[in-house]
Amino acid sequence: MSETDVLLIGAGQCGLALSRELTRRGVSHEVLSERAAPGDVWRERWDSLRLFTPARFDGLPGRPFPASARHRPTGRAFGDYLDDYAEWISAPVHPRQRATRIVADDHGFVVTSRDDAQGWRARRVVVATGGQTRPRVPARAAALDARIVQRHTSEYRRPEDLPGERVLVVGCGTSGVQLGIELARAGRRVVVAGRPTARIPAPLLAVAGPAWFTFMHRVLTHATPIGRRAAVRAVTAGAPLVGISPRDLARAGARLAPRFVDVVDGLPRLADGTVVETDAVLWATGYRPDLDWIDGLPLDEHGMPAHDRGVSTDIAGLAFMGLPFQFGLTSTLIGGSGRDAEHLAAVIQTSSRLLAA
């Protein structure tokens with residue numbers, strides 16, 4: 001069985017940001033990556049994906065994203081950046097090792113990996129996969145007629161993935177609007193069902209982008225009253241529409257409709273009673289936490305663990321990176337991962353000194 005002081009699970013932006021901070025502090029650690037390369041998680045998403053934050057907010061600690069400040073990188077470009085960042089910090093990444101179980105014992109943790117029969121033993125474990133990793137699809141999706149092709153956005157790459165002329169996109173957040181526009185421009189008859197999330201207009205972002213991010217990063221945190229109120233909605237609220245709006249759906253030829261609520265005779269029904277005849281449904285309904293593989297970890301009604309800025313309050317030695325509102329609204333954003341990584345690394349360094357004493 002392989003052994004390490006600290007084991008990080010996940011080699012995306014959260015895991016790499018923390019790896020860099022631990023290395024700076026001289027804390028021995030290893031990083032498990034489910035994929036062959038850190039950037040694959042971004043390259044596997046749909047072909048036309050662009051980050052909704054501009055490049056000035058898309059760098060990890062010590063290494064800005066190599067593009068002009070207002071440029072919005074593609075998913076593939078950011079994947080390449082993650083690979084480069086991992087090499088730059090000499091991250092001790094072990095590829096193709098998906099952790100499938102974490103068990104705490106008197107000596108720390110035993111972590112089982114699907115692709116490593118021996119597994120790992122560590123005194124501390126940080127689950128750096130974020131808090132939104134399992135695709136969320138309504139239970140009623142199973143009642144749709146079998147002739148209707150269904151895809152979650154995690155399975156979608158390009159319009160050709162959805163057959164037929166008519167497409168219902170369920171969800172009106174960033175992904176739903178982006179893909180509704182793409183499908184309409186590809187000649188499909190598109191209905192986007194859902195209530196649009198909050199919108200940040202492109203001109204406002206261009207003029208006041210740094211101030212907007214500073215407000216989210218510095219004010220909307222657990223340290224402020226307004227931030228604590230915002231945290232209540234952070235787990236369930238979708239990301240804001242940045243630089244796009246429901247009007248762009250209409251310009252592309254897509255139709256905005258009320259949210260999906262049920263299935264009637266195999267067809268989706270919307271909140272206003274409309275039954276939609278469609279050839280395909282694209283679920284742009286986001287993700288939910290995937291933490292039930294950690295033995296003995298209590299989870300709340302949203303599937304989230306109790307924690308103090310990412311440090312588990314139920315299992316000693318366990319921590320998290322990338323949870324919704326882990327400390328602030330930017331905890332799930334690329335540009336906010338550095339602050340949480342710095343805090344966790346300091347906590348881990350202190351505990352390392354105590355264990356060595």
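Let's start with helix H1: 10 of its 12 residues are buried, so the helix is largely enclosed by the rest of the structure. Keep in mind as you look around that this is a predicted model.

**Helix H1**
- H1 covers residues 13-24, and at 1.5 Å a residue it should span 16 Å; its end C-alpha atoms sit 17 Å apart, which agrees.
- The buried residues here are Gln13, Cys14, Gly15, Leu16, Ala17, Leu18, Ser19, Arg20, Glu21 and Leu22.
- Following the helix you'll find Gly26, which has a positive phi, near 75 degrees.

**The S4-S5 hairpin**
- Strands S4 and S5 make a hairpin, with two residues between them.
- Six bridges hold up the pairing of S4 (residues 99-105) with S5, and the two run antiparallel.
- To find your way across the pair, look for Ala104, which stands opposite Phe109 of S5.
- S5 spans residues 108-113, and five of its six residues are buried, so this strand is largely enclosed by the rest of the structure.

**A closer look at Ser113**
- Ser113 belongs to strand S5.
- Is Ser113 buried or exposed? With a relative accessible area of 4%, Ser113 counts as buried, because buried means under 20%.
- Which residues does Ser113 touch, if you leave aside its neighbours within four places in sequence? They are Gln97, Arg98, Ala99 and Thr100.

**The open sheet**
- Five strands line up in the order S8-S16-S9-S10-S13 to form an open sheet, and their pairing is parallel.
- At the edges are S8 (149-152) and S13 (255-257), each of which pairs on one side only.
- From one strand to the next, the twist averages 20 degrees.
- In general, strands of a sheet pair through backbone hydrogen bonds, either parallel or antiparallel.
- S10 (residues 189-193) pairs with S13 in the parallel sense over three bridges.
- A handy spot to check in that pair is Val191, standing opposite Arg255 of S13.

**A helix across the sheet**
- Which strands does helix H4 (residues 174-185) lie across? They are S9 (166-170), S10 and S16 (280-283).
- H4 runs at about 170 degrees to S10.

Technical notes
Residues are numbered from 1 along each chain as its sequence is written. This is a predicted model: local features need pLDDT of at least 70, side-chain atom pairs count only at pLDDT 80 or more; totals for chains, interfaces and linings use all residues. Side-chain values use heavy atoms; hydrogens and water are left out. Buried means under 20% relative accessible area, exposed over 50%, partly exposed in between (1.4 Å probe, protein chains only). Helices (H or I, at least four residues) and strands (E, at least two) are DSSP runs, numbered from the N terminus. Two strands pair if DSSP finds at least two bridges between them. Axes are lines fitted to C-alpha atoms, for helices over the stretch in contact, and angles run from 0 to 180 degrees between N-to-C directions. Contact means heavy atoms within 4.5 Å. The expected span of a helix is 1.5 Å times one less than its number of residues.
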